[in-house]
Amino acid sequence: MTKKEQSWRRREQFIEDNGIICLQNVSKVYSKGSPAINGITLGIGRGEFVFIVGDSGSGKSTLIKLLLRELTATSGHVFVMGSDLEKLKHRQVPKFRRNLGVVFQDFRLLNDRNVYENVAFAQRIVETPAIEIRRNVPSILAMVGLAGKYKAKTKQLSGGEQQRVALARALVNNPSILLADEPTGNLDPKNSWEIMNLLDEINRNGTTVVVVTHNREIVNSMHKRVVTMKKGVIISDEEGGEYIDED
Ligand code: ADP
Ligand code: MG
């Protein structure tokens, strides 16, 4: 093997060993100020469920944006599903994102359309045949508990229902990874639990799930891997972890 081939092989091995999401010494500096992320190394295996917690401003959303390729790292490497995101060309980004589902705190639905259309839209942009859309959308809406709400306009729904629509939309293309940035931030405790239980179920069906949250009670009850960030670095990473209190 040439040196270059050896170096490729080492990198491939690192990805294999470190899973579906892999950050190597990643930093992100916005144009002004100190690094939002400062030298993070993190591997997430296929099929894992991981909570990301930490104070406001600790870099959680920046991390999610790096994984989505909404941002690129200032230094270090980000690998997602085997792609080196730095090397991904602009025209390759849509295809890359097909394998990622994303949910945000503020739902981000199309508020002039009904529930069915919001989910079907995600399938149309990836050119799913109409016959499959008619089959997939009802089935995913049933899974999130919205079987009776196809025709409702999203703004007529409660927050919990809106987040279920967002979740259905994120899942309908059957992504390998689901990223959720404070998905329960606008929800009451009952709806928060229902959304987290759905995320858990999705994970048990094989999807890798990464959830940013401030919900201490849920984190402490679910006994998942918990990655804690502070000022752009990971200060703790525990299986069956707990929400760490700031002193
Ligand atoms: P968190 O999601 O944990 O609250 P963020 O990733 O949003 O943290 O932010 C981390 C740091 O980066 C904060 O200091 C924040 O002010 C800064 N930051 C986030 N987005 C931008 C941006 N677009 N431009 C400049 N600074 C930003
Ligand atoms: Mg955030």
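Is phenylalanine 49 buried or exposed, and at what relative accessibility? Phenylalanine 49 counts as buried, because its relative accessibility is 5%, where buried means under 20% relative accessible area, exposed over 50% and partly exposed in between, with a 1.4 Å probe and protein chains only.

Before I go on, please keep in mind that this is a predicted model, in which local features need pLDDT of at least 70, side-chain atom pairs count only at pLDDT 80 or more, and totals for chains, interfaces and linings use all residues. Residues are numbered from 1 along each chain as its sequence is written, chains are lettered from A and ligands numbered from 1 in the order in which they are written, and side-chain values use heavy atoms, with hydrogens and water left out.

Let me stay with the aromatic rings. Two aromatic pairs turn up in a search of the whole structure, a pair being rings of Phe, Tyr or Trp (its six-membered ring) with centres within 6.5 Å, called stacked when the planes are under 30 degrees apart, edge-to-face when over 60 and tilted for the rest. Phenylalanine 49 pairs edge-to-face with phenylalanine 51, at 5.1 Å centre to centre and 75° between the planes, and phenylalanine 51 is buried too, since its relative accessibility is 0%. The other pair joins tyrosine 116 and tyrosine 150, and it is tilted because the planes stand at 50°, with the centres 6.0 Å apart. This pair links distant parts of the chain, 34 residues apart, with tyrosine 116 in helix 4 (residues 115–124) and tyrosine 150 in the loop between helix 5 (130–143) and helix 6 (159–171); helices here are DSSP runs of H or I, at least four residues long, numbered from the N terminus. Tyrosine 116 is buried at 18%, whereas tyrosine 150, at 27%, is partly exposed.

Phenylalanine 49 also has a charge over its ring, namely the charged end of lysine 224, 4.8 Å from the centre; the criterion is NZ of Lys or CZ of Arg within 6 Å of the ring centre and within 35 degrees of the ring normal.

Finally, the ligand. Among the residues that surround ligand 1 are Tyr30, Ser58 and Thr62, where a heavy atom within 4 Å is required. The side chain of threonine 62 places an N or O atom 2.5 Å from an oxygen atom of ligand 1, and a backbone N or O atom of serine 58 is 3.2 Å from an oxygen atom of the ligand.

Terms used: A polar contact is a pair of N or O atoms within 3.5 Å; within protein, one must be able to donate a hydrogen and the other to accept it, and residues adjacent in sequence count only if both atoms are side-chain atoms. Helices (H or I, at least four residues) and strands (E, at least two) are DSSP runs, numbered from the N terminus.
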